[in-house]
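User: I would like to learn how to read salt bridges and pockets in a protein model. Please take me through them one at a time.

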Amino acid sequence: MAAPMLRCGGPGRRWALTWVDGGSCHGRGSRTGPTSIWMRRQSSVAQQLLHTAQKPMKGEHKWAAVVGLEIHAQISSNSKLFSGSSVSFAAPPNSLVSFFDASLPGTLPVLNRRCVEAAVMTGLALNCRINKKSLFDRKHYFYADLPAGYQITQQRLPIATNGNLTYGVYVGKRQSQLASKMVRIKQIQLEQDSGKSLHDDLRSQTLIDLNRAGVGLLEVVLEPDLSCGEEAAMAVRELQLILQALGTSQAIMAEGQLRVDANISVHHPGEPLGIRTEVKNLNSIRFLARAIDYEIQRQISELENGGEILNETRSFDCKLGCTVPMRDKEGKQDYRFMPEPNLPPLVLYDTESLPPESADPQQVVNIDQIRAMLPELPSVTRQRLVQQYGMLPEHSFTLLNEVGLLEFFQNVMKETRAEPKMVASWVLNVLLGYLKHQNLAVCESPVTPSALAELLNLLDSKAISSSAAKQVFDELWKGEGKAAAQIVAEQQLELMQDQEALEQLCHATIEGHPQVVVDMKKGNPRAINKLIGVVRRATLNRADPTMIKEILEKKLSLSSS
């Protein structure tokens, strides 16, 4: 096997891709050369376990699951944690690599102030204790995309400890009620990211891209207070929203800016915790929930069938829907932690402990100053929405959790006279339903906030009925560029304004359906709905159902008296 190499591409300090080895490579420590038989076996096992997870397993009530998470968030910064190299997701391979990133001899780390401030702000938002003195350490291990052979992290004394994260989960028979839960945060630490291995299975080769090497990460370590995939998914989503609100991380999982490792075990309540497995590098909230739930069921099934759980690292195969082994942890790896000799202790200050004015202000990070800069957090935004618009907490939760939906709602509110509850109902039920059905993001909606606002203005002014409004929305969804008023005019969807004509139509309907009238007189109040339907069809749904009902009830009461 050839040794990993990185070749300099000339005086422009651009680093070229090189072949790493000639063998088959499927990721760090992963099972190599899986055969089609093994893949089919894993797929069938996955289907069997996922099918079992949908109904109570034998003895399932005897088991309790314990889940802990390690979350790596890429810090929003123009440069890397210890070098001046730029940070960009779509840059050409090895175009953003400094001598320090490539671990050339004689290079030294210089700590990025922005990354420190981001860590402090995140710690404050998560109710952590900020350590005024924290230390950097070297964590030694070998991967082809880690040029130095070690990672600079904060193992002994991290920058923040002992926090908590409050998140919401849906409960109840219909999963419609929102319950608040909390998970403890053990610590938040600053550390370097590694490079990226690009596996070419077709040629059995691996390429190394060091653009990501040295990028600043926040590792948020959660205590094992979670018990299922849904709780983990909702906790990570809440953390993602907090990071984005703070601006400390864009936290875009599709770009690898937020990655999760899940530690999972099962045990009988009242007994010691079971042997845990670790599922690595989960980069989707949906896959995180699926991986955890699958792994819980796999461990229960294994134990109930007389097997044992290995202390191993696994990965989640999203195509098969199951976790697969990567490497075992029986021979515990010695990371040989040692103090980082090239970085002094990181010292932070508060208002009471500021150094003399002669000190370099670039070397001073004031915790209290950062606390004063904290923006509105998602939990506060939800409370504001409930108070400002009178909406249900569940609705404020959905508005904030769906990317771009809150902005869409607020833009509609700026242009409509309709009540906030009506706007929320249309955005959450109609618009979101259409988006989910076609698997579209909010930013891809063919119906703009202005178009929906115009439609709701027509509905609010009683120019059209609710059923006609839905017809108009269907037309708007086609994206033909027509305005709501134009569609109403073309399809003659305006409400009937002729009260006398509507009364005559209601009278004729009563005369033509004597049996329905008899049913009502016998004490069946729902029978009137048939008469309402007849009148609406006769008016091509252009009459207000409420007005029709009032006229019918008035005429029926007169006829009975």
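Analyst: We start with salt bridges and then turn to a pocket. This is a predicted model, in which local features need pLDDT of at least 70 and side-chain atom pairs count only at pLDDT 80 or more, while totals for chains, interfaces and linings use all residues. Residues are numbered from 1 along each chain as its sequence is written, and side-chain values use heavy atoms, with hydrogens and water left out.

User: What is a salt bridge here, and how many does the structure hold?

Analyst: Side chains of opposite charge can pair when their charged atoms come close. The criterion is a side-chain nitrogen of Lys or Arg within 4 Å of a carboxyl oxygen of Asp or Glu. The structure holds 21 of them. One joins D261 and K280, at 3.2 Å from N to O. D261 belongs to strand β13 (residues 258–267) and K280 to strand β14 (residues 277–282), so this pair ties together parts 19 residues apart in sequence. Helices (H or I, at least four residues) and strands (E, at least two) are DSSP runs, numbered from the N terminus.

User: Is D261 buried or exposed, and what about K280?

Analyst: Buried means under 20% relative accessible area, exposed over 50%, and partly exposed in between, with a 1.4 Å probe and protein chains only. D261, at 2%, is buried; K280, at 21%, is partly exposed.

User: Which residue forms a salt bridge with R314?

Analyst: The partner is E295, with the closest N and O atoms 3.4 Å apart. R314 sits in strand β15 (residues 312–317) and E295 in helix α4 (residues 285–304), 19 residues apart. R314 is buried at 5% relative accessibility, and E295 is buried at 0%. A network of salt bridges links E295, R298, E312 and R314.

User: Which residues lie nearest the centre of the second largest pocket?

Analyst: Rolling a probe the size of a water molecule over the atoms shows where empty space is left. On a 1 Å grid over the protein atoms alone, a pocket is an open set of points where a 1.4 Å probe fits, with protein on both sides within 12 Å along at least five of seven lines; lining residues have an atom within 4 Å of a point. Here 29 residues line the second largest pocket, with N401, E402, V403, K436 and A441 nearest its centre. The side chains of K436 and E402 also meet in a salt bridge (3.0 Å, N to O). K436 lies in helix α9 (residues 420–437), and E402 in the loop between α7 (393–401) and α8 (405–415), 34 residues apart.
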